[in-house]
Amino acid sequence: MSFTMYEKFDLYLMEGYTKEFISLENESQTIGEKYWFDEYWYEYGCDKAIEILSKFTQDDWNKLTKEIFSKSLDYQEKVIYCMENENNENELEFLLYMIKTTKNSMIFEACMESLIEFVKSETKLKFLNDDKFMVLITGGRGKQENSINR
C-alpha cells in the first residue's frame with residue numbers, strides 16, 4: 001500500500017516523530033524529560049516533516065487545507081512551524097488561509113511569525129491587495145480608513 005505525501009506527513013506529525021523520540025530515549029537514560037520531547041520536535045522532528053512537505057502535490061495541499069482545523073492545536077502549530085520555504089506559493093497560500101480562517105490567537109500569531117519568511121518585494125503587493133488580510137493586520141480598519149488617516 002502506497003501513501004500520499006499528505007498521509008506520510010499526517011502520520012509523521014501524529015506519531016512518527018514520537019516513535020523516533022522514544023527509540024532515542026531508549027538509547028539514553030538522560031533524555032526522558034518532557035522538555036526534551038518538546039525540544040526534539042524543533043531540533044530534529046521538524047526537519048523530516050519539512051522534507052515530506054517539500055514533496056507535496058497540489059492534491060496533498062488541498063487535503064491538508066481541508067483537514068487542518070480537524071487537527072489539534074499542537075498539530076496545527078507544528079504544521080505552521082514547517083512553513084519556511086519562501087519560494088513555495090502553496091506554503092504562502094496555506095498561511096494566508098490559516099490567518100483568515102483561524103479563531104485561535106496562538107495559531108494566528110504562529111502564522112504571522114511564519115509569514116515573515118515570505119515578505120519580499122514579490123509578495124508585498126499580494127499582501128497589500130488582499131482586503132481581508134489587510135483588515136486582519138490593521139486591527140479591523142479597512143484600506144479606506146487607513147488612507148484617510150495618512
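This is a short tour of a predicted protein model, one selection at a time.

**Before you start**

Residues are numbered from 1 along each chain as its sequence is written, and side-chain values use heavy atoms, with hydrogens and water left out. Because the model is predicted, local features need pLDDT of at least 70 and side-chain atom pairs count only at pLDDT 80 or more, while totals for chains, interfaces and linings use all residues.

**Stop 1: the whole chain**

Select the protein chain. Its secondary structure comes to nine helices and zero strands. Helices (H or I, at least four residues) and strands (E, at least two) are DSSP runs, numbered from the N terminus. Of the 150 residues, 35% are buried. Buried means under 20% relative accessible area, exposed over 50%, and partly exposed in between, with a 1.4 Å probe and protein chains only. Now take contacts, meaning heavy atoms within 4.5 Å. Among those between residues at least 6 apart in sequence, 61% join residues at least 24 apart.

**Stop 2: colour by confidence**

Colour the chain by pLDDT, the predictor's confidence in each residue, from 0 to 100. The mean for the protein chain is 76, and 64% of its residues reach 70 or more. Select residues 58-67 next. This is helix 3, where confidence is highest, at a mean of 97. Then select residues 143-148. This is helix 9, where confidence is lowest, at 46.

Two stretches call for care. Over residues 21-35 the pLDDT is below 50, and the model gives this stretch eleven contacts beyond near neighbours in sequence. Over residues 141-150 pLDDT stays under 50 as well, with nine contacts beyond four places in sequence. Where pLDDT is low, the predicted coordinates should not be read in detail.

**Stop 3: helix 6**

Select residues 105-115, which form helix 6. Which residues are buried in helix 6? They are Ile107, Ala110, Cys111, Ser114 and Leu115. Turn the view to look down the axis of helix 6. Its buried residues fall within an arc of 140 degrees, so they line one face of the helix. That arc is taken over the directions from the helix axis to the C-beta atoms.

At 45% relative accessibility, methionine 106 counts as partly exposed.

**Stop 4: helix 4 beside helix 6**

Two packed helices are described by the angle between their axes and the distance between the axes. Show the side chains. From helix 4, Leu73, Gln76, Glu77 and Ile80 meet Met106, Ile107, Ala110, Cys111 and Ser114 in helix 6.

**Stop 5: valine 79**

Pick valine 79, which lies in helix 4. Is valine 79 buried or exposed? Valine 79 is buried, with a relative accessible area of 0%. Show Phe9, Leu13, Leu64, Ile68 and Phe94, its contacts once neighbours within four places in sequence are left aside. Phenylalanine 9 is 70 residues away along the chain, yet its C-alpha atom and that of valine 79 are separated by 9.3 Å.

**Stop 6: asparagine 88**

Move to asparagine 88, in the loop between helix 4 and helix 5 (89-101). At 15% relative accessibility, asparagine 88 counts as buried. Its side chain reaches the backbone nitrogen of asparagine 90 at 2.8 Å. Leaving aside neighbours within four places in sequence, asparagine 88 is in contact with Trp61 and Phe118.

**Stop 7: tyrosine 97**

Finish in helix 5, at tyrosine 97. With 30% relative accessibility, tyrosine 97 counts as partly exposed. Beyond neighbours within four places in sequence, tyrosine 97 is in contact with Thr65, Ile68 and Phe69. Threonine 65 is 32 residues away along the chain, and its C-alpha atom and that of tyrosine 97 are separated by 8.1 Å.

Key
Polar contact = N/O pair within 3.5 Å; in protein donor to acceptor, adjacent residues only side chain to side chain.
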